[in-house]
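These are my notebook entries on one model. I set down what I looked up, topic by topic.

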Amino acid sequence: MRVALLSDIHGNSVALDAVLADLRHDPVDRVVCLGDAIQGGPQPVEVVAHLRALACPVVLGNADAWLLSGVETGAEGIPPERLRVMHDIRAWSLAQLSPDDQAFIAQFQPTVEVPLPHQRTLLCYHGSPHSYDDVILPTIADAELKRLLEPHEHIIYTGGHTHVQFLRHMHRTFHINPGSIGLAYRHDQPEDRFKTDPWAEYAILTVDDARIAVEFRRVPFDVQALIAIYASSGRPHSEQAIAQYQP
């Protein structure tokens, strides 16, 4: 059984199109989206349409919850200017989405379980099974990881949120982060010179009886097409997003 793990699309259908084209050449049995699918980029409507067509389970991410509620739960002390930008983009995104689109997003679930062969289960979440705001990075302490995931050897764990592709072993099982489709970036860069990467990240989990494999993929997408869509979309503060893709 092969499961494609998609996460953090953030309203970037150009990047999602590249991933779906990749999957058409190499089909999988199941697709699951780990949240933060709609909010942020210039194509919220197109991403909703793709997810509807995929008919795949979708986890509720913090950005999805923010889009619906306007309540920021994951960080304290956000600078007022940044918060204003977030509200402007949220208002624009909501204006693009129909009531049916918004109802579709409201159906996203905090966690999703996918049955796997060999009596295993894939447990899907955004930050952790407890909260979409929890942060799991490659450097997380063992004790904190154990507290957040409570690992069981017959469960494989997968979540997004941090936009970092990695696998973290936990005794007889592991946590997978497939990275970000719509907003891949390196964490080791100064905030005042922040740049995004010109590719979409995802992963494929293969479980064949006792054999397990994880493949991380980076798929290039048409950055100039995305920039043109930002420029013509009317999305507030698009110039800031465009600058992140330029040298």
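**Cysteines.** I took a disulfide to be a pair of cysteine sulfur atoms within 2.5 Å. On that criterion I found 0 disulfides in the structure. Cys33 is in no disulfide, and the nearest cysteine sulfur, that of Cys56, is 6.0 Å away. Cys124 is likewise in no disulfide; the nearest cysteine sulfur to Cys124 belongs to Cys33, 10 Å away.

**Basis.** The model is predicted: local features need pLDDT of at least 70 and side-chain atom pairs count only at pLDDT 80 or more, whereas totals for chains, interfaces and linings use all residues. Residues are numbered from 1 along each chain as its sequence is written, and side-chain values use heavy atoms, with hydrogens and water left out.

**Burial.** I used relative accessible area (1.4 Å probe, protein chains only), with buried under 20%, exposed over 50% and partly exposed in between. Cys33 counts as buried because its relative accessibility is 0%. Cys124 is also at 0% and therefore counts as buried.

**His126.** I located His126 in the loop between β4 (120-124) and α6 (142-149); helices (H or I, at least four residues) and strands (E, at least two) are DSSP runs numbered from the N terminus. His126 has 1% relative accessibility, so it counts as buried. A polar atom of the His126 side chain lies 2.8 Å from the backbone oxygen of Leu34.

**Helix α6.** Which residues of α6 are buried? I noted Leu145, Leu148 and Leu149. Exposed Ala143 and Lys146 sit on the face turned away from the buried side of α6. The cover over the buried residues of α6 includes β5 (155-158), β6 (165-170) and β7 (173-178), where contact means heavy atoms within 4.5 Å. α6 lies across β5, β6 and β7 and runs at about 90° to β6; axes are lines fitted to C-alpha atoms, for helices over the stretch in contact, and angles run from 0 to 180 degrees between N-to-C directions. Just after α6, Glu150 takes a positive phi of about 45°.

**Sheet.** I traced an open sheet of 5 strands in the order β3-β4-β5-β7-β6, with mixed pairing; two strands pair if DSSP finds at least two bridges between them. β3 (112-116) and β6 are the edge strands, each pairing on one side only. On average, neighbouring strands of this sheet are turned by 20° against each other, direction ignored. β3 and β4 run antiparallel and are joined by 5 bridges. The bridge partner of Pro115 in β4 is Thr121.

Technical notes. Polar contact = N/O pair within 3.5 Å; in protein donor to acceptor, adjacent residues only side chain to side chain.
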